[in-house]
Number of protein chains: 2
Amino acid sequence: MSSKIDWIAVDWGTSNLRLWAMDADGEILARGESDLGLNKITDGGFEAVLHGLIADWLPDGITPGRTLPVVVCGMAGARQGWCEAPYARLPAQPATLAAGAVKPALQQAGLDVHILPGLCQIDDPDVMRGEETQLVGFMAAQPDFAGWVCLPGTHSKWARIANGTITGFRTYMSGEVFGVLSQQSILRHSMQGADDAAAFETAIRHVADKPGDFLHCLFGIRAGGLVSPDGGKAGAAMLSGYVIGSEIADIVARLDKGESIALIGDGKLAARYRQALQVHDFDAAIIDAEAATLGGLRRAHAVLTNQ
Amino acid sequence: MSSKIDWIAVDWGTSNLRLWAMDADGEILARGESDLGLNKITDGGFEAVLHGLIADWLPDGITPGRTLPVVVCGMAGARQGWCEAPYARLPAQPATLAAGAVKPALQQAGLDVHILPGLCQIDDPDVMRGEETQLVGFMAAQPDFAGWVCLPGTHSKWARIANGTITGFRTYMSGEVFGVLSQQSILRHSMQGADDAAAFETAIRHVADKPGDFLHCLFGIRAGGLVSPDGGKAGAAMLSGYVIGSEIADIVARLDKGESIALIGDGKLAARYRQALQVHDFDAAIIDAEAATLGGLRRAHAVLTNQ
């Protein structure tokens with residue numbers, strides 16, 4: 001296989017990393033993954049970890065006389081990462097994002113490593129690292145898209161895109177708020193019925209009507225189970241509905257006429273966001289997260305190697 | 001001292017209890033406290049714990065031929081407590097609350113124990129246990145009060161009072177949400193500047209203007225520290241402002257003309273709630289929490305002993 005590997009794509013996150021061996025046409029030759037995310041690497045071991053992970057793909061080593069490009073997105077570019085790639089600023093386009101890549105000093109010859117920057121917003125302070133590359137991949141696939149693209153997760157991101165440019169974004173702590181409340185608060189005793197779609201939708205509607213009611217609604221999940229035999233049977237769905245619903249209602253109110261919505265993500269969480277949007281009479285296409293990441297890394301590779 | 005003790009007042013909570021030796025005029029002869037709250041007592045040891053705590057007050061034991069009334073509020077009346085005192089329903093008055101007291105079966109003679117009920121609300125489910133007794137004490141001291149009384153805390157309670165009656169209430173998970181986010185979430189890295197009054201007030205105003213922005217504001221505390229050198233220096237005050245501000249804005253919108261606000265609590269937290277109310281151009285008297293609890297237990301004692 002090694003003779004055909006043209007470059008390596010890497011998404012290096014906080015808790016794990018994924019990497020892909022790519023041929024000259026941008027097709028995937030092999031996939032790899034590891035739990036050696038940023039928070040498990042000390043003393044600058046990033047380069048050694050990378051060599052270890054690609055060794056199987058290059059049984060004869062890297063061809064003498066050439067260097068193998070490696071394009072990295074994600075937390076590897078954070079201050080506490082491999083080599084800081086300072087945040088790019090808004091408005092951001094694929095080419096300007098790629099131009100902000102940094103090249104870490106390397107111990108061994110053979111690799112040409114480019115670490116892509118994250119993106120920051122100064123007024124209404126916000127940051128992302130990794131998601132901007134997924135957005136670039138999304139824009140490469142849908143160059144005419146105008147609207148909001150959501151990347152649901154621990155820190156859910158919504159980016160506004162027009163004319164192939166990211167013009168702003170908003171992060172919501174939804175996933176983490178759900179996590180700490182469902183595991184660490186009194187609501188941990190009420191986490192039944194996660195799949196109750198009706199309870200989820202009722203919570204979405206409630207918090208859309210009364211956004212300021214949020215902290216009271218949370219206690220109502222617990223109290224509902226105490227005051228009535230039928231209450232609290234769908235506590236997990238209610239908590240999810242209040243949290244995701246609060247986020248969705250805030251975004252829907254910001255949508256301009258003619259703007260679309262897209263979701264980058266996989267499986268259950270993306271489907272749940274789509275269901276929440278449908279309560280507001282909006283639909284959203286769901287775009288595969290790996291395809292978006294790879295699309296963004298391909299685009300950066302093309303810019304960085306002048307293709 | 002024992003010759004003068006007429007009855008015992010007890011506030012038995014989840015994590016600790018407080019008790020008072022009272023004379024026939026309702027004056028305090030002695031105070032006691034213990035960390036033997038509900039969650040540390042197993043196998044029905046409530047009675048033994050109580051005897052242990054009052055033994056010092058009764059060096060000669062309880063006078064033969066009479067029983068000493070003990071009036072208990074709080075979690076001792078919960079299902080998992082000493083003896084369940086089913087929730088009273090709204091609208092609630094001091095006499096009807098006292099009438100819901102239950103008498104646990106006792107092993108030893110000499111005490112006449114009354115455990116007061118909590119209060120529940122069926123539509124818009126909500127519950128309290130212990131705070132209703134503080135509200136009774138407040139109403140005894142201010143019989144003409146009409147408006148909202150707040151008991152700030154882990155689960156902050158707001159009760160609406162008119163004509164000596166509790167007509168409704170709302171619990172907000174503010175204290176617990178602050179706790180889990182400041183200790184368990186990514187915001188734990190941003191908890192500086194707790195006493196920054198300007199940042200606290202800015203957060204109060206922001207969340208009042210844009211209640212649906214809450215989950216995005218939370219992430220902005222973290223992002224502010226990353227995108228600007230001055231950002232994030234008052235993260236603790238901002239988190240407190242967003243959380244308390246969300247609660248206060250929701251209550252202020254429910255205030256009818258002519259209604260007052262009072263705060264039952266002590267020290268820093270009550271002062272913070274008052275400051276948040278002042279941002280909305282409302283003021284609130286702060287009532288001592290112990291005085292309110294004892295006032296409520298005195299009132300219940302009078303009803304239960306037909307005084």
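The exercises below, each with a worked solution, concern a predicted model of chains A and B.

Local features need pLDDT of at least 70 and side-chain atom pairs count only at pLDDT 80 or more, while totals for chains, interfaces and linings use all residues. Residues are numbered from 1 along each chain as its sequence is written, chains are lettered from A in the order in which they are written, and side-chain values use heavy atoms, with hydrogens and water left out.

**Exercise 1.** Determine whether K4(A) is buried or exposed, and what K4(A) is in contact with.

*Solution.*
- Step 1. K4(A) lies in the segment before β1 (7-12) of chain A. Strands are DSSP runs of E, at least two residues, and helices are runs of H or I, at least four, numbered from the N terminus.
- Step 2. Buried means under 20% relative accessible area, exposed over 50%, and partly exposed in between (1.4 Å probe, protein chains only). K4(A) has 52% relative accessibility, so K4(A) counts as exposed.
- Step 3. Contact means heavy atoms within 4.5 Å. With neighbours within four places in sequence left aside, K4(A) is in contact with M22(A), D23(A), A24(A) and L29(A).

**Exercise 2.** Find where R222(A) is placed and which side chain of opposite charge is nearest.

*Solution.*
- Step 1. R222(A) belongs to helix α6 (residues 214-227) of chain A.
- Step 2. Lys and Arg count as positive, Asp and Glu as negative; His and the chain ends are not counted. A salt bridge is a side-chain nitrogen of Lys or Arg within 4 Å of a carboxyl oxygen of Asp or Glu.
- Step 3. R222(A) is buried yet has no salt bridge; E176(B), the nearest side chain of opposite charge, is 8.4 Å away.
- Step 4. Not counting residues up to four places away in sequence, R222(A) touches I186(A), L187(A), H189(A) and S190(A).

**Exercise 3.** Describe the interface of chain A and chain B.

*Solution.*
- Step 1. On chain A, 41 residues are in contact with 41 residues of chain B.
- Step 2. The two chains bury about 3,500 Å² between them, 69% of it on carbon and sulfur atoms. Buried area is the accessible area (1.4 Å probe) that two parts lose on being put together, summed over both.
- Step 3. L215(A), H216(A) and F219(A) supply 21% of the area that chain A buries against chain B, more than any other three residues.
- Step 4. The rule finds four salt bridges across the interface. In a salt bridge, the side chains of D213(A) and R170(B) meet at 2.2 Å, N to O.
- Step 5. The largest share of the side of chain A that touches chain B, ten residues, comes from α6(A).
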